[in-house]
Amino acid sequence: MSIDVSDMLARSPLFGELARDELAALGAAAQRLDFARDEVIFSMNEAPDGLYVVARGRVKVCVPTAAGKELILATLGPGEVFGEMALLDDAPRSASVVAQLPTTAYRLRRSDFSRLLEEHPSIARKLLMEMSQRLRRANAQVESLVSLDVVGRLARFFIDLARQHGQLLGNGWVAVRRPTHQDIAASIGATRETVTRLIAELEQRGLIVNDGKMTYLREENLGRE
Ligand code: CMP
């Protein structure tokens, strides 16, 4: 699939304000990478090789738990960046990033990323804003892991997924591509079997509608302002 890298960067919240020629220069310096579903983009503790911008698809950010399972900390979609942390704190990768759907990403060199931050304070500001939002989501995930039962965590998972990645259909419904039951389980600290059983329960209660690979939620249930 052909993607115009400058257009893609222009739509990304982080780079959207750059002038046309700057976007073109950044796009020319970026390396396009395509990943199949479940392909590892990089692994936790590796030395960083740049900053990634998602052009298409969705990635999951995961860490291993002490019990040897996978915990999914976050998922990121088109326009979002990942791999900034290890560049900013000069440490190894804090987590692994794996394609959750077929994904295209562009990789910027560390030197290009550093120059952008120095030359464009607005990019640094937006990155801080994005990192604050990620910290809020991570806080909410911790809170939900310790205070909600599994069905509550699952309901909140779908609401967050739809808020973050959902597409408004204009008829009161929001559509979102559903992760595998295994990935949902790894996001909410449950087993795959429990997730399968509780998804059926949420459907019976009319809170979600599943059709093929998509899940639909009522917009009014997302609690957006
Ligand atoms: P880095 O540490 O370079 O490599 C792993 C990346 O995953 C990290 O940069 C961030 O881009 C991303 N990441 C790590 N933790 C989170 C989180 N809690 N929420 C969203 N993204 C994260």
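Modeller: A polar backbone atom of Gly 83 sits 2.8 Å from an oxygen atom of the ligand. The model is predicted, so to speak a calculation: local features need pLDDT of at least 70 and side-chain atom pairs 80 or more, while totals for chains, interfaces and linings use all residues. Numbering starts from 1 along each chain as its sequence is written, and side-chain values use heavy atoms, without hydrogens or water.

Back at the ligand, Glu 84 has a side-chain N or O atom 2.6 Å from a ligand oxygen, and for Arg 93 that side-chain distance is 2.7 Å. On its own the ligand has 460 Å² of accessible area (Shrake-Rupley, 1.4 Å probe), and the protein covers 93% of it. Around the ligand (a heavy atom within 4 Å) you'll also find Phe 42, Val 61, Ala 74, Phe 82, Met 85, Ala 86, Ser 94, Ala 95 and Arg 134.

Now the helices. Helix 4 (residues 110–119) and helix 5 (residues 121–147) have axes that come within 5 Å and cross at roughly 105 degrees, which makes helix 4 roughly perpendicular (65 to 115 degrees) to helix 5. Phe 113, Leu 116, Leu 117 and Glu 119 of helix 4 meet (heavy atoms within 4.5 Å) Pro 121, Ile 123, Ala 124 and Leu 127 of helix 5. By class, that contact has seven nonpolar, no polar and one charged residues.

Helix 6 (residues 150–165) packs on helix 8 (residues 192–204) at about 70 degrees, axes 10 Å apart. On the helix 6 side, Val 150, Leu 154 and Phe 158 are among the residues in contact, with Val 195, Leu 198 and Ile 199 among those in helix 8.

Note on methods: Axes fitted to C-alpha atoms, helices over the stretch in contact; angles between N-to-C directions. Helix = DSSP H or I, 4+ residues; strand = E, 2+ residues; numbered from the N terminus. Parallel < 35°, antiparallel > 145°, perpendicular 65-115°, else oblique. Nonpolar A, V, L, I, M, F, W, Y, C, P; charged D, E, K, R; others polar. Polar contact = N/O pair within 3.5 Å; in protein donor to acceptor, adjacent residues only side chain to side chain.
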